[in-house]
Amino acid sequence: MKLFEVANKVFVVEDDNHMVQALYAHVSEQGIDVLVRFCRRVKERENMCKVVKKNVPNPNHQKRSNLSRMGEEATNIVVGKIVDLLFSSAKREIDYVRNCTKNADILKNEAQKLKDMSDRIQQRINAAKENGEALLAGVQNWMDKADIEISKVEEFLEEEANAKKTCFNLRPCVNLSSLHHYSKMSINKTLFLLQHQEDGQTYESCVSIPTPTPRFVDLYQTKNLDDIDTHKLVLREIIEAIKDESIKMVGIYGSGGVGKTTLAKEVAAEVKNLFAEIVFITVSQTVDVKEIQKNVEKAAKRIIINKEKVLIILDDIWKKLVLSDVGIPCGNNHMNCKILLTSRSRNVCEGMNVDRNICVNILTKKEAWVLFKRIVETSTEETPYALLAFFFPHNAPWQFIKQLESGLGACKHDATRQLRVLV
């Protein structure tokens, strides 16, 4: 078929996609460039002929108006622009065919870059998890998308390679339409991979944030207070006082070993969801002001700056403590700060102007025995014979003592104090 006839078949098609299909139907891949140049010349000559024809003098109309000439010139310009757009569109579609292999190679390279980037970020994620850090929001989602897209690209490239395999006579079996399809898809997929790489640049330098040290209340294991009514009743009273918005400072007092510290921790475990933070500080006889200030520094900021509710527990206070001197916000200006303190002395609690003072009484003999057996049954630390012999010097058989050899565990001091009611 002559090139002129091919050109006519191509240019009568208005739709760009149909124009490309017409090219595929009438021209080999090697002749595409020749066709483009030829078609451009044909259209130029055709336009010139039209212009000449329109400008031939008419015997009946010797003169044309200036307005008519301007209209024709404008029409020619518009037609030229349209032709240029058509050629640009056709060339773009033809380039898909010519650059199919090149575009597939670019896609393969970008997929490998994304895979390398994903591997580097995964290394950072593994290190962050080992350090107990929390991952940034979105990083895991980015990783999941990267894995999915890499898998899709690998499948696509395998499909594209199979489509270009040669037949038994070593001549290409693929048609121009397939080349156009795979080339265009390669470009589209490459753009997506590039965008995903750009989105993941932040995670190459940081994938996590440090997590705060677990609070004591998160590590504390609540005690079984069944059949120990003395503690259960006091615990309920303390919790009600803590929940009361009109009460800002609660004091619990009682003799040593009655369970004040344990009850304070039980309270913290019960009300932990009511406070943004709970701080537990052991004061003891020798007051370390700097240590207390260090422990409450973070909580004080949350109280003053963030206006969050915070519970501060001061355990084992032996003398009056001025809260402002140790960095604890208190008073009417900081109603979001709740104080719970424990002391052996009722006078110490009253001296600190507590709003509610609660006494913790010693357990009954029955309750003390229940507590002792419960501690022994859950203990693993070895206990000396002498400890039990001290409490049961005459009527405790040595066989019973040997059975308790496994010990009282970390709670042996509470148990021994409570057992004094049995001797």
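Biologist: Which residues of α6 are buried?

Modeller: In this predicted model, the buried residues of α6 are Val139, Trp142, Met143, Ala146, Glu149, Ile150, Val153, Phe156, Leu157 and Glu160. The word buried requires a relative accessible area under 20%. In general, residues three or four places apart in an α-helix point the same way, because there are 3.6 residues a turn.

Biologist: Why is glutamate 155 called exposed?

Modeller: Exposed means over 50% relative accessible area. Glutamate 155 has 57% and therefore counts as exposed. This residue belongs to helix α6, and together with Glu154, Glu158 and Glu159 it forms a surface patch of negative charge.

Biologist: Why is leucine 191 called exposed?

Modeller: The cut-off is again over 50%; leucine 191 has a relative accessible area of 52%, so it is exposed. Leucine 191 lies in helix α7, residues 176-199. With Ile187 and Leu194, it makes a nonpolar surface patch of about 240 Å².

Biologist: Why is serine 284 called partly exposed?

Modeller: Serine 284 has 26%, so the term applies. This residue of strand β4 also has a positive phi of about 65 degrees, although it is not a glycine. Most residues other than glycine have a negative phi.

Notes: Residues are numbered from 1 along each chain as its sequence is written. This is a predicted model: local features need pLDDT of at least 70, side-chain atom pairs count only at pLDDT 80 or more; totals for chains, interfaces and linings use all residues. Side-chain values use heavy atoms; hydrogens and water are left out. Buried means under 20% relative accessible area, exposed over 50%, partly exposed in between (1.4 Å probe, protein chains only). Helices (H or I, at least four residues) and strands (E, at least two) are DSSP runs, numbered from the N terminus. Patches are made of residues with over 30% relative accessible area and no salt bridge: like charges are joined within 9 Å, nonpolar side chains (Val, Leu, Ile, Met, Phe, Trp, Tyr) within 5 Å. Accessible areas come from the Shrake-Rupley method with a 1.4 Å probe; for residues, only the protein chains shown count as cover. A salt bridge is a side-chain nitrogen of Lys or Arg within 4 Å of a carboxyl oxygen of Asp or Glu. Lys and Arg count as positive and Asp and Glu as negative; His and the chain ends are not counted. The place of a charge is taken as NZ of Lys, CZ of Arg, CG of Asp or CD of Glu.
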